[in-house]
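This report goes through selected features of one protein structure. Please look over the sequence and the model before reading on.

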Amino acid sequence: TPTTVEAVQFSFDIDMSVDTKLFRIASFEELGYSLADICEPLIPIDTISGTATATGGTVTLMDERGLPISGLNSSVTTEIVVYNKTTASAVTVTGSTESNGVYSLTWSTGVTAGNSVRYSVSATGFDSYNKTVTVTAS
């Protein structure tokens with residue numbers, strides 16, 4: 001009958017990544033105020049994992065749902081901080097590439113096999129407080 005619901009169908013398109021380049025914000029004209037005046041939204045980084053060798057490493061960033069986070073704001077070489085815990089010194093990253101939340105980093109000095117390397121993220125717009133990973137370089 002017209003008053004009886006027999007079935008309801010829902011359909012969702014699920015994006016299995018978090019590409020920050022796809023984020024959009026409503027304009028001042030649309031809202032009548034600027035969100036930048038009242039808040040600074042942060043993209044939460046839930047998990048950092050990685051690998052390291054004497055010449056480079058990989059870092060994987062995931063959100064709280066286990067989805068990859070790609071598209072750090074500017075230069076990944078400064079936003080992913082590499083620290084050699086064995087020698088107590090920062091490692092200068094000389095190059096990087098990114099594919100679906102996996103960042104491949106290269107360095108020419110600062111790490112040798114057996115060193116303990118710590119990765120962290122220091123990027124504007126991301127909440128990475130107390131999120132680090134330490135790996136042993138192979």
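This is a predicted model: local features need pLDDT of at least 70, side-chain atom pairs count only at pLDDT 80 or more; totals for chains, interfaces and linings use all residues.

## The four-stranded sheet

The strands β3, β4, β9 and β8, in that order, form an open sheet of 4 strands with antiparallel pairing. At its edges are β3, residues 47–52, and β8, each of which pairs on one side only. From one strand to the next, the twist averages 20°. As a general point, strands of a sheet pair through backbone hydrogen bonds, in either a parallel or an antiparallel way.

Two of the pairings can be followed in detail. Strands β3 and β4 run antiparallel and are joined by 6 bridges. A hairpin of 3 residues links β3 to β4. Within this pair, Ala-52 stands opposite Gly-57 of β4. Strand β4, residues 56–62, is also joined to β9 by 5 bridges, and these two strands run antiparallel. Here the bridge partner of Val-59 is Tyr-103 in β9.

How enclosed is β4 by the rest of the structure? Of its 7 residues, 5 are buried, so β4 is largely enclosed by the rest of the structure.

## The nonpolar core

The largest nonpolar core has 27 residues. Leu-61, Leu-105 and Tyr-119 are the members that touch the most other members. Several elements give two or more residues to this core: β3, β4, β6 (80–84), β9, β10 (116–121) and β12. The element that gives the most is β10, with 3 residues.

In soluble globular proteins, nonpolar side chains tend to be buried together.

## A buried asparagine in a loop

Asn-115 lies in the loop between β9 and β10. Is Asn-115 buried or exposed? Its relative accessibility is 7%, and the cut-off for buried is under 20%, so Asn-115 counts as buried.

The side chain of Asn-115 reaches the backbone nitrogen of Thr-112 at 2.9 Å. Leaving aside neighbours within four places in sequence, Asn-115 is in contact with Asn-84, Thr-86, Gly-110, Val-135, Thr-136 and Ala-137.

## Two asparagines with positive phi

Asn-100 is not a glycine, yet it has a positive phi of about 50°. The residue lies in the loop between β8 (95–99) and β9 (102–106). With 48% relative accessibility, Asn-100 counts as partly exposed, because the cut-off for exposed is over 50%.

Asn-130 is another residue other than glycine with a positive phi, in this case near 65°. Its place is the loop between β11 (126–127) and β12 (132–136). The relative accessible area of Asn-130 is 67%, so this residue is exposed.

## Summary

The sheet order is β3-β4-β9-β8, and β4 is largely enclosed by the rest of the structure.

Notes: Residues are numbered from 1 along each chain as its sequence is written. Side-chain values use heavy atoms; hydrogens and water are left out. Buried means under 20% relative accessible area, exposed over 50%, partly exposed in between (1.4 Å probe, protein chains only). Two strands pair if DSSP finds at least two bridges between them. Axes are lines fitted to C-alpha atoms, for helices over the stretch in contact, and angles run from 0 to 180 degrees between N-to-C directions. A nonpolar core is a set of buried Ala, Val, Leu, Ile, Met, Phe, Trp, Tyr and Cys residues joined through side-chain atoms within 4.5 Å. A polar contact is a pair of N or O atoms within 3.5 Å; within protein, one must be able to donate a hydrogen and the other to accept it, and residues adjacent in sequence count only if both atoms are side-chain atoms. Contact means heavy atoms within 4.5 Å.
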